[in-house]
Amino acid sequence: MTNEISHLLEIIETHRSFLLLSHVDPDGDAIGSLIAFALLIERKGKKAVAYDQDGVPEIYRFLKGCDRIVSVIPPAEHFEVAVFLECPDVRRAGTACSPFIEKIPLWVNIDHHMENSRFGHLNIIDENLSALGETLFDLYRESKEPMDSAVAEALYAAIMTDTGSFKYINTTPRAHEISAQLIRLGINPYRMYEEIFETLSRPAALIAARAHSTLEIDNGISCITITLDMFKETGSTADDTQEIVNLGRNIKDVEVALLFRETANGVKVSLRSKHNVNVNEIAVKFGGGGHLRAAGCTIEADMKHAKEMIFAAVRKALQEASGHARPNER
Ligand code: 5GP
Ligand code: MN
């Protein structure tokens with residue numbers, strides 16, 4: 001890993017203009033990593049455009065430095081290096097960036113998702129990390145650049161959101177150690193928590209209430225459904241739905257929690273598991289991906305068929321898992 005970080009620092013030293021990209025439907029790790037990387041490049045006196053096709057969700061707009069993230073790449077810009085953050089494959093950055101990235105000669109791929117296709121010229125992939133924010137932390141440490149409060153906030157937000165506030169299985173000692181160092185730099189953990197998790201907008205609260213009322217529970221599987229009509233009725237957007245799957249996940253005896261969200265081009269599925277189902281494997285079967293216990297995919301079908309396909313795959317996985325559940329996983 002240190003070698004790869006040194007290689008990356010060498011690339012940063014020897015190039016002048018960088019396009020930083022993260023995935024569609026960005027989460028706190030995507031946004032935090034974009035901000036931290038952009039600030040490092042700027043500190044080195046180089047040009048960075050940080051881009052996310054879907055822009056910055058409202059709950060992350062308090063982060064200093066988030067105004068650097070654009071959702072449209074300035075057409076006249078030319079870049080020497082593309083840096084993909086949190087993208088297991090190029091498609092995950094969305095389609096709008098394709099004309100730009102095809103012209104960029106050097107691609108760096110930095111990720112912690114399980115199915116990363118190692119599509120970069122330099123690939124820095126570690127699926128054991130709690131969040132990609134950890135790699136950005138290492139990058140700052142190796143570069144000897146000081147972390148100011150904007151960087152510390154961005155990295156704390158990255159780790160806090162990807163670990164579900166330090167409670168999921170990916171919450172490692174190192175995630176806590178890095179977070180402790182960020183707190184020593186002046187981060188206020190409660191303020192961060194409050195900004196991200198306790199500032200639901202009215203539409204976000206209304207869509208959560210509507211969505212929760214669709215909850216179904218069946219043989220270890222919970223299912224919540226969000227339709228396009230519900231967005232219209234509540235004035236909410238997809239950004240407002242990121243936490244909704246957790247109600248299903250918090251139910252006793254539920255092993256797999258599913259959220260089906262209708263979109264203009266299919267059904268977005270969020271999958272969560274607790275102990276013994278590899279939801280990444282299921283999402284990959286449908287062209288998506290993620291992590292062992294949290295994954296997602298989009299199915300180009302109507303709600304009924306999307307549910308049939310996913311439920312069949314989840315039931316099969318549960319059956320297989322019940323054959324070899326490890327007692328120490330419980
Ligand atoms: P969520 O269900 O919250 O959208 O995503 C859970 C995890 O799965 C995140 O790590 C996210 O990046 C990943 N994920 C969600 N949807 C997709 C997808 O369509 N493709 C891939 N490769 N990963 C996804
Ligand atoms: Mn992440």
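Keep in mind that the model is predicted. One six-stranded open sheet has parallel pairing, while another open sheet, also built from six strands, has mixed pairing. Ligand 1 has 15 residues around it, and the protein buries 84% of the 490 Å² that the ligand exposes when taken alone.

**The parallel sheet**

- Reading across this open sheet, the strand order is β3-β2-β1-β4-β5-β6.
- Its edges are β3 (69-70) and β6 (122-125), each of which pairs on one side only.
- Five bridges hold β1 (residues 17-21) and β2 (residues 47-51) together in the parallel sense.
- Helix α1 (residues 2-14) lies across β1, β4 (81-85), β5 (106-111) and β6.
- The angle between α1 and β6 is about 135 degrees.

**The mixed sheet**

- Here the strands line up as β7-β8-β9-β10-β12-β11, again in an open sheet.
- β10 and β12 run antiparallel and are joined by six bridges.
- Within β12, Ala 295 is the residue that Leu 271 stands opposite.
- Helix α12 (residues 303-323) lies across β7, β8, β9 (256-263), β10 and β12.
- Relative to β9, α12 runs at about 160 degrees.

**Around ligand 1**

- The closest of the 15 surrounding residues are Arg 92, His 113, Lys 268, Ser 270 and Arg 272.
- Sorted by class, the shell comes out as seven polar, four charged and four nonpolar residues.
- Three strands, β10 (266-273), β11 (289-290) and β12 (294-299), supply at least two shell residues each.
- The top contributor is β12, with four residues.
- Ser 270 puts a polar side-chain atom 2.6 Å from an oxygen atom of the ligand.
- Glu 115 has a side-chain N or O atom 3.2 Å from a nitrogen atom of ligand 1.
- Gly 289 takes part through its backbone, where a polar atom sits 3.3 Å from a nitrogen atom of the ligand.
- As for burial, ligand 1 on its own would expose 490 Å², and 84% of that is buried by the protein.

- Most residues other than glycine have a negative phi.
- Arg 118 has a positive phi, near 50 degrees, and is not a glycine.
- You'll find Arg 118 in the loop between β5 and β6.
- Asn 219 is another non-glycine residue with a positive phi, this one near 45 degrees.
- Asn 219 belongs to the loop that links β7 (216-218) and β8 (221-226).

Terms used:
Residues are numbered from 1 along each chain as its sequence is written. Chains are lettered from A and ligands numbered from 1 in the order in which they are written. This is a predicted model: local features need pLDDT of at least 70, side-chain atom pairs count only at pLDDT 80 or more; totals for chains, interfaces and linings use all residues. Side-chain values use heavy atoms; hydrogens and water are left out. Two strands pair if DSSP finds at least two bridges between them. Contact means heavy atoms within 4.5 Å. Axes are lines fitted to C-alpha atoms, for helices over the stretch in contact, and angles run from 0 to 180 degrees between N-to-C directions. A residue is near a molecule or strand if one of its heavy atoms lies within 4 Å of it. A polar contact is a pair of N or O atoms within 3.5 Å; within protein, one must be able to donate a hydrogen and the other to accept it, and residues adjacent in sequence count only if both atoms are side-chain atoms. Accessible areas come from the Shrake-Rupley method with a 1.4 Å probe; for residues, only the protein chains shown count as cover. Ala, Val, Leu, Ile, Met, Phe, Trp, Tyr, Cys and Pro count as nonpolar, Asp, Glu, Lys and Arg as charged, and the others, Gly among them, as polar.
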